[in-house]
Amino acid sequence: MKNITLLGATGSIGLQTLDIIREHNDEFRLFAIAFGKNVDKAIDIIESFQPKKIVVQEESIRQKLLSYNDQLTILLGNEGMEEISADPDTDVLVNAVMGSIGLSATITAIRHKKQIAIANKETLVTAGHIVMAEAKKYGVDLLPVDSEHSAIYQALNGEHAKDVHKLILTASGGSFRDKKRSELHGVTVNDALNHPNWSMGAKITIDSATMMNKGLEVIEAHWLFDMAYDKIDVIQHKESIIHSMVEYVDNSVIAQLGTPDMRVPIQYALTYPDRLALPASKRLDLVEISTLHFDRMDTERFPCLGFAYEAGNKGGSLPTVLNAANEAAVDLFLKEKITFLEIEEVIADAMAHYPFIDQPDISAIQKIDQEVRQQIYEKF
Ligand code: NDP
Ligand code: MG
């Protein structure tokens, strides 16, 4: 029986992780959760799973939960997330919070040698060099939850890194894949939230529409698989059936396929190196699908993908600036304070103007992250 600590329990990945725990309650038990503000959903989770520890972000939310049940153990903020991540009773940490806020919990879990299933890609984008150095030092393997990275992890299984020619990430294209740039001027938040293949949290759905999600994933792949940026390609594949591929030096390409269902990569990260059954109704029927499409990616159509390659290649503080500016810009777009195309402008501006630092440590990263956001929020 594995004890799971789940950060971001009330979110899209969090709720699907809970489905898996419920489905396989002879294998997994929910030990602790962290969430942001969604008290109603959290109460449902607490009633069904009775986690021993709960972390909330604010005192007001803690009071609301205590008025529901004053026997609960409720911790606060980042320190609370670090505490449950380090808890001796935590076997596996599933980090599914949204944003760079998840960083200190990931590092804490690494230092306590926990099994880590990582959905929180912003952690790897903002501080990949630190997270991976810690993981190496403590001998901890980060198991990817992101479907592309899970696919690559599976396709790499047992092969030698020297034999890899390229990683090929697939991109669905997001909500506006059939629109030209000139058609993006008047698009609304609701248009952008309407993803063709995946049902996900709001921020990542907007990131998919701007293609920043794929940019973040390129940086995530660079760190997870120790691969140079010129060996990571992105191609558009609108059906989201091939979740990503590895091309080897002998031109052999190994791909992982399946219907779009995040429970597959989430569960694999929990059971690795074993597998557990999932409902047969989601099995892939290639004859039924019959045709798969592929296209080259166009960084003029999707500048955010280019920004991410630039930030990754230059390194230093640039990925932190990219990520913080993107988080702030998407938040402002969701609040209808900037337009869809202004998301790109905000990120480009932050990358051009924020002073470059070569090897930022954790405290420098946290400072940059805060300052970049603050400067953007002051403007709008
Ligand atoms: P959601 O927005 O659906 O959920 C985010 C979760 O994080 C919620 O539980 C939210 O709590 C919690 N949260 C937000 N801010 C804080 C905070 N300051 N402290 C503690 N908890 C907080 O996001 P997703 O589930 O879609 O995505 C989560 C992560 O997984 C992201 O990094 C995303 O990129 C990655 N990912 C997601 C995929 C998907 O299919 N959804 C696919 C691949 C990767 P509350 O809602 O209660 O405020
Ligand atoms: Mg993905």
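Reader: How many of the 9 residues of helix α5 (residues 103-111) are buried?
Author: This is a predicted model, in which local features need pLDDT of at least 70 and side-chain atom pairs count only at pLDDT 80 or more, whereas totals for chains, interfaces and linings use all residues. Residues are numbered from 1 along each chain as its sequence is written, while chains are lettered from A and ligands numbered from 1 in the order in which they are written. Helices (H or I, at least four residues) and strands (E, at least two) are DSSP runs, numbered from the N terminus. A residue is buried if 20 or more other C-beta atoms lie within 10 Å of its own, exposed if 12 or fewer and partly exposed in between, with C-beta atoms placed from the backbone; helix α5 is mostly covered, and the number of its residues that are buried is 7.

Reader: Which elements are included in what covers the buried residues of α5?
Author: The buried residues of α5 are Leu 103, Ala 105, Thr 106, Ile 107, Thr 108, Ala 109 and Ile 110. Contact here requires that the C-beta atoms of two residues, placed from the backbone, lie within 7 Å. The cover includes β1 (2-7), α4 (77-86), β5 (92-95), β6 (115-118) and α6 (121-138).

Reader: Is Lys 113 buried or exposed?
Author: Lys 113 follows α5 and lies in the loop between α5 and β6. Its phi is near 55°, a positive value in a residue other than glycine. Because Lys 113 has 10 C-beta neighbours inside 10 Å, it counts as exposed.

Reader: Where is the place of Asp 226?
Author: Asp 226 has a positive phi of about 50° although it is not a glycine. It has 10 other C-beta atoms within 10 Å and is therefore exposed. Its place is in the loop between α10 and β9 (232-236).

Reader: Why is Ile 13 buried?
Author: Ile 13 is listed by UniProt, in an unreviewed entry, under "binding site", together with Thr 10, Gly 11, Ser 12, Gly 36, Lys 37, Asn 38, Asn 120, Glu 122 and Gly 201; such positions are given in the numbering used here, feature names are shortened, and annotations may be inferred rather than shown by experiment. Ile 13 lies in helix α1 (residues 12-23). Beyond residues up to four places away in sequence, Ile 13 touches Gly 8, Ala 96, Ala 119, Val 145, Met 262 and Ile 266. It is buried because the number of other C-beta atoms within 10 Å is 28.

Reader: What distance separates the C-alpha atoms of Leu 65 and Asp 274?
Author: Leu 65 is found in helix α3 (residues 59-68). Leaving aside neighbours within four places in sequence, Leu 65 is in contact with Val 39, Ala 42, Ile 54, Val 56, Leu 72 and Ile 74. Asp 274 is 209 residues from Leu 65 along the chain, and their C-alpha atoms are separated by 37 Å.

Reader: At what angle do helix α13 (residues 303-314) and helix α15 (residues 340-353) pack?
Author: Axes are lines fitted to C-alpha atoms, for helices over the stretch in contact, and angles run from 0 to 180 degrees between N-to-C directions. The axes of α13 and α15 are 10 Å apart, and the packing angle is about 20°.

Reader: Which residues of α13 and α14 make the contact?
Author: α13 and helix α14 (residues 318-334) pack at about 150°, with axes 7 Å apart. That makes α13 roughly antiparallel to α14, since angles under 35 degrees count as roughly parallel, over 145 as roughly antiparallel, 65 to 115 as roughly perpendicular and the rest as oblique. The contact is made by Phe 307, Ala 308, Ala 311, Gly 312 and Lys 314 of α13 and by Leu 318, Pro 319 and Leu 322 of α14.

Reader: What is omega for the cis peptide bond that joins Tyr 272 and Pro 273?
Author: Pro 273 is found in the loop between α11 (263-271) and α12 (286-289). For the cis bond from Tyr 272 to Pro 273, omega is about 5°.
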